[in-house]
Each structure stands twice: as structure tokens, then as C-alpha cells.
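Hi there,

Here is the structure I promised to pass on to you. Have a look at it first, and then read on for what turned up in it.

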Amino acid sequence: EPTRIKKSSLAIRKAFAKGVLMFDGCVTKGGRIAFSSKSRKLASAIIEIWENDNMRHGKLHKNKRGEWTIYTTAQNKYFKLLAYFEERTQKQKLLRWIHGEKEAEPIIKKSSHLSIQKILSVLKKIKRCDINFLEHTFRRRYSTIRHYLKILENQKSIRISSTPYLWSSCISEKAAVYLNKKTHDIVFLKIRERFGLGKNTANTLGIHKATFSAWKLRKNRIPIGTLKRLCPLLNIKFEVVTKGVIQTDRDIIELI
């Protein structure tokens with residue numbers, strides 16, 4: 001950063017930082033600004049400008065290519081990030097698009113194995129699923145997929161929650177759930193009528209009596225696979241029980 005600019009007002013220093021980031025910065029899938037340079041002085045200057053502008057950032061560090069890397073963090077307000085890119089440029093369009101503005105329409109690569117379009121295409125067919133289903137479908141970890149899901153959530157294309165509107169075969173039977181009190185009471189009343197003592201139910205399911213007691217007292221969630229096994233024995237429709245789910249132990253993704 002030239003000395004004359006370094007001694008100037010914050011507005012002028014921000015204009016300098018904008019020029020640097022417009023040329024060599026990038027916008028990440030997480031909606032943050034990142035910058036790498038062989039020059040530690042240049043990276044440090046951008047950090048100093050960010051700090052004067054009350055921008056939160058990560059620590060300056062050296063990457064595997066020997067470049068000094070800096071990045072903003074999630075605590076920053078969206079409008080403050082936009083100020084570091086010119087209007088109608090690709091990077092600003094991308095930043096706006098990631099934060100929910102569909103009409104921004106940046107140029108997006110469509111050749112990758114995982115993309116917004118491919119996730120939406122899957123969801124349009126199945127309507128809802130858990131994250132494990134997407135991990136298996138795309139052979140990617142949740143840490144990678146979640147960035148794309150966050151963009152879709154920002155754009156109000158999907159809903160991510162622990163409370164599905166409806167159940168789906170694309171939600172694992174290993175998912176454990178809490179039922180609303182009305183549904184919970186009906187299930188355990190039917191269990192009492194069918195099996196009598198709790199230990200009889202525990203023996204039938206092949207579980208410890210303490211586990212059954214924790215379910216009954218709503219101390220622990222009940223695996224959905226267990227409810228699926230119980231429903232025919234209790235003469236209850238599985239679809240009716242799943243409508244009473246108020247919380248799962250995993251994220252459920254639903255198309256809006």
C-alpha cells in the first residue's frame with residue numbers, strides 16, 4: 001500500500017482495498033471475502049483497513065503455496081462486504097447471489113460434480129431428505145454440501161430444520177425423533193394395551209428396559225426405525241405417527 005494512501009482517510013484506503021480485492025480477491029461459497037498474496041505487507045495492509053472498517057476477519061496465515069492468506073468471517077454484515085466490490089461485477093453478483101438475491105445471476109460453472117442446480121434437481125424429485133441422503137447421492141461430506149444448502153436456504157428455495165412437514169423414505173430410519181405429546185401418549189397407551197409391562201416391550205424390541213423407560217418419559221428420542229416396527233404391532237398407521245414428529249436428531253432438507 002503506497003505511503004500516501006496509507007496516511008489518507010479510511011474512504012481512500014477502502015478504495016485501495018477494493019481495487020486489490022476486485023483484481024485478486026475471491027468470494028467463497030460461504031459468502032465471505034478471501035485474499036492471498038506472496039506479499040505479507042499487502043495482506044497485512046488489507047487486514048489493517050478491514051480493522052479500521054470494523055470488519056471481522058481470520059488470522060493472517062501462510063497457505064501450502066507459500067501465500068499469505070486472509071479472509072472475512074461470518075459475523076460481518078452483508079452490506080459491508082458488498083462495499084469492497086464494484087456494482088454489476090462478477091464478484092459482487094456472486095456475493096449477492098450467495099446471500100439470497102436470485103436476480104443477481106452470476107456466471108456459475110455447471111460442470112462440477114456438485115452444484116446448486118444438481119441439488120435442486122434431486123430435491124424436485126424427492127421433495128425432502130436428510131443430509132445423509134445427500135452425502136450418499138453426491139459422495140461428498142456435509143461440510144462441503146452445507147455451503148450449497150445455505151445458498152439455497154438464503155434464496156428461499158429450501159427449508160432446513162429438525163422438524164419435517166412430512167416424512168419421507170429419503171430420511172434414514174436411524175433418525176431419532178421426539179413426538180408431540182398427543183401422539184406420544186397414544187403410542188405408549190397402545191404399547192401398554194398390547195404388551196403390558198415395559199420390560200415386555202423391551203424384550204420384544206431387543207433393547208434394555210432403561211432405554212424403553214427413557215423413551216416413555218421423553219428423556220431420549222425414539223429411532224424412527226423402531227416406530228416403524230411398532231406401528232403394525234400396535235395397529236397404528238406409520239404415516240399418522242410421523243405427522244407427530246416435532247424434532248429430529250439431524251437436519252432435514254425440504255423443497256419449498
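Strand 7 and strand 9 run antiparallel to each other, and three bridges pair them. Within that pairing, Val-177 has Thr-248 of strand 9 as its bridge partner. Please keep in mind throughout that this is a predicted model.

The two strands belong to an open sheet of three strands, ordered 8-7-9 and paired in the antiparallel sense. Its edges are strand 8 (222-223) and strand 9 (245-248), each of which pairs on one side only.

Strand 5 is joined to strand 10 (residues 252-255) by three bridges, with the two running antiparallel. If you want a place to start looking, find Cys-129, which stands opposite Ile-253 in strand 10.

The largest pocket holds about 430 Å³ of space. It is lined by 20 residues, and those closest to its centre are Lys-29, Gly-30, Gly-31, Arg-32 and His-147. Which element gives the largest share of this lining? That is helix 8 (residues 142-154), with eight residues. By class, the lining of the largest pocket has seven nonpolar, eight polar and five charged residues.

The second largest pocket has about 340 Å³ of space. Of its 15 lining residues, Lys-29, Leu-94, Ile-108, Lys-109 and Tyr-148 are the closest to the centre. Helix 5 (90-98) and helix 8 each supply at least two residues of this lining, and helix 5 gives the most, with three residues. The lining of the second largest pocket divides into ten nonpolar, three polar and two charged residues.

Now for a pair of helices. Two packed helices are described by the angle between their axes and the distance between those axes. Helix 9 (residues 181-195) and helix 11 (residues 209-216) pack at about 140°, and their axes are 11 Å apart. That angle makes helix 9 oblique to helix 11. On the helix 9 side, the contact is made by His-184, Phe-188 and Ile-191, which meet Phe-212, Trp-215 and Lys-216 in helix 11. The residues of this contact comprise four nonpolar, one polar and one charged.

Rolling a probe the size of a water molecule over the atoms shows where empty space is left. How many cavities of 30 Å³ or more does a search of the whole structure find? The search finds two.

The largest cavity has a volume of about 40 Å³. Its lining is made up of Phe-188, Ile-191, Leu-205, Phe-212, Trp-215, Ile-222, Leu-227 and Leu-230. At least two of the lining residues come from each of helix 9, helix 11 and helix 12 (224-234). By class, the lining has eight nonpolar residues, with no polar and no charged ones.

The second largest cavity has a volume of about 30 Å³. Around it you will find Val-177, Tyr-178, Leu-179, His-184, Trp-215, Arg-218, Asn-220 and Ile-222. This brings us back to strand 7 (residues 176-179), which provides the largest share of that lining, three residues. The lining of the second largest cavity has five nonpolar, two polar and one charged residues.

To find your way around, you could begin with Val-177, which pairs with Thr-248 in strand 9 and is one of the residues lining the second largest cavity.

Methods
Residues are numbered from 1 along each chain as its sequence is written. This is a predicted model: local features need pLDDT of at least 70, side-chain atom pairs count only at pLDDT 80 or more; totals for chains, interfaces and linings use all residues. Side-chain values use heavy atoms; hydrogens and water are left out. Axes are lines fitted to C-alpha atoms, for helices over the stretch in contact, and angles run from 0 to 180 degrees between N-to-C directions. Helices (H or I, at least four residues) and strands (E, at least two) are DSSP runs, numbered from the N terminus. Angles under 35 degrees count as roughly parallel, over 145 as roughly antiparallel, 65 to 115 as roughly perpendicular and the rest as oblique. Contact means heavy atoms within 4.5 Å. Ala, Val, Leu, Ile, Met, Phe, Trp, Tyr, Cys and Pro count as nonpolar, Asp, Glu, Lys and Arg as charged, and the others, Gly among them, as polar. On a 1 Å grid over the protein atoms alone, a cavity is a set of points where a 1.4 Å probe fits but cannot get out, and a pocket is an open set with protein on both sides within 12 Å along at least five of seven lines; lining residues have an atom within 4 Å of a point. Grid points are joined across faces, edges and corners, and a volume is the space filled by probe spheres set on the points. Two strands pair if DSSP finds at least two bridges between them.
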